[in-house]
Amino acid sequence: MRILFTSVLAVGFLVCVTPVMAHHSAAAAYDETKRVEAQGTVTKVLVKNPHSWVFLESSDNGQKIQWQIEMGGVTSMAWTKDGLPIGTPVKVTGNPSRAPGTHGLTGAAFAKMDGTPLGPRAGRGEYTPR
Amino acid sequence: MTDFAAWLQDSALGVWTRESPSIWAYPTVLTLHTVGLGVLVGANAVIDFRLLGFARRLPIPSLAPLYRFMWAGFAVNAVTGVMLFASDATKKATQPVFYIKLALIAVALVITAMIRKTVVGGPALHDADPGPSRRLAAVSLLLWAGAIAAGRLMAYL
């Protein structure tokens, strides 16, 4: 009886907790098996916790696309607030967001338009899916 | 509420928690929030499992000092929780799961106080009829697990 009760509690606990653990990775929001490339100019940099963001505007196919690049928190972010100036043209490769209709990236590597890596570790921080 | 959230987010406390590059800012605040949770819910769980019939060799009144650890953990989490809320107030104030978390904590605290009063305060009561305190203990475990899950889901919902 006690074992049964313990099991019910344990299963209930796992039911509560399992989806949370499944989300505990960038893999839930981003596709780690793909790398996509984006080119554009920096429009906004948010250096904040728990995650920083870099926003790009690209106009590849005559159509403007807003890229949202998720980065590490302030302590692992490659740049300080003014370290990556607004208007800088960049090439970025990263893992694409799974959310349909969005242009999100994480695990991004930044480069100048000629391909030279940009910033410390090419902008890579701690928040990089393996 | 939106005005208040915007004000809090732009306050010195909100900006510091969100934007300070110091390891003693956000990383430490978040760690303390987890440690406080461990102490508060851990002490709760010890009493709840004892009431459910585990570790029967522990006399129930001997667990009374654990309430001091609970309140200390709660105090740490109230302070660090306000700081974490301030860092992203405009978003968190619009998240239903945040209010679910607060409601679960509020009810869990009432249950915790009931357990303390009727069980730890009067062990004879529990020995005579363990049913009510067992039900309270089971509800307590579920509420705290729910509060933890809701808190964690704030990052994903």
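**Exercise 1. How many residues lie between strand 1 and strand 2 of chain A in the hairpin that they form?**

Residues are numbered from 1 along each chain as its sequence is written, and chains are lettered from A and ligands numbered from 1 in the order in which they are written. This is a predicted model, in which local features need pLDDT of at least 70 and side-chain atom pairs count only at pLDDT 80 or more, while totals for chains, interfaces and linings use all residues.

*Solution.* 
- Step 1: find the elements. Helices (H or I, at least four residues) and strands (E, at least two) are DSSP runs, numbered from the N terminus.
- Step 2: check the pairing. Two strands pair if DSSP finds at least two bridges between them. Strands 1 and 2 of chain A run antiparallel and are joined by five bridges.
- Step 3: pick a bridge. A:Leu46 sits opposite A:Trp53, which belongs to strand 2 of chain A.
- Step 4: read off the link. Six residues separate strand 1 from strand 2 of chain A in this hairpin.

**Exercise 2. Which peptide bond in chain A is cis, and where does its proline sit?**

*Solution.* 
- Step 1: recall the background. Most peptide bonds are trans.
- Step 2: A:Pro50 belongs to the loop between strand 1 and strand 2 (53-58) of chain A.

**Exercise 3. In what order do the strands of the chain A barrel run?**

*Solution.* 
- Step 1: Chain A has one helix and five strands, and from the N terminus its elements go α-β-β-β-β-β.
- Step 2: recall how sheets hold together. Strands of a sheet pair through backbone hydrogen bonds, either parallel or antiparallel.
- Step 3: start with strand 1 (residues 36-46) of chain A. Six bridges tie it to strand 4 (residues 89-96) of chain A, and the two run antiparallel. A:Ala38 has A:Val92 of strand 4 as its bridge partner, and A:Gln39 faces A:Lys91 of strand 4.
- Step 4: go on from strand 4 of chain A. It pairs with strand 5 of chain A in the antiparallel sense, over five bridges, with A:Thr93 opposite A:Ala109 of strand 5.
- Step 5: now the parallel pair. Strand 3 (residues 65-70) and strand 5 (residues 104-111) of chain A share three bridges in the parallel sense, and A:Gln68 stands opposite A:Gly104 of strand 5.
- Step 6: The five strands make a closed barrel in the order 1-2-3-5-4, with mixed pairing. On average, neighbouring strands of this sheet are turned by 55 degrees against each other, direction ignored.

**Exercise 4. At what angle do helix 6 and helix 8 of chain B cross, and what makes up their contact?**

*Solution.* 
- Step 1: survey the chain. Chain B comes to eight helices and zero strands, and its C-alpha atoms fill a box of roughly 55 × 30 × 25 Å along the principal axes.
- Step 2: size up helix 6 (residues 96-120) of chain B.
- Step 3: get the angle. The axes of helix 6 and helix 8 (residues 131-153) of chain B come within 8 Å and cross at roughly 155 degrees. Axes here are lines fitted to C-alpha atoms, for helices over the stretch in contact, and angles run from 0 to 180 degrees between N-to-C directions.
- Step 4: classify. Angles over 145 degrees count as roughly antiparallel, so helix 6 and helix 8 of chain B are roughly antiparallel to each other.
- Step 5: sort the contact residues. The contact of helix 6 with helix 8 of chain B holds 18 nonpolar (Ala, Val, Leu, Ile, Met, Phe, Trp, Tyr, Cys and Pro), one charged (Asp, Glu, Lys and Arg) and six polar residues (the others, Gly among them).

**Exercise 5. Is B:Ala55 buried or exposed, and what is its phi?**

*Solution.* 
- Step 1: locate B:Ala55. It lies in the loop between helix 3 and helix 4 of chain B.
- Step 2: B:Ala55 is not a glycine, yet its phi is positive, about 50 degrees.
- Step 3: count neighbours. A residue is buried if 20 or more other C-beta atoms (placed from the backbone) lie within 10 Å of its own, exposed if 12 or fewer, and partly exposed in between. B:Ala55 has 10 C-beta neighbours inside 10 Å, so it counts as exposed.

Technical notes: Angles under 35 degrees count as roughly parallel, over 145 as roughly antiparallel, 65 to 115 as roughly perpendicular and the rest as oblique.
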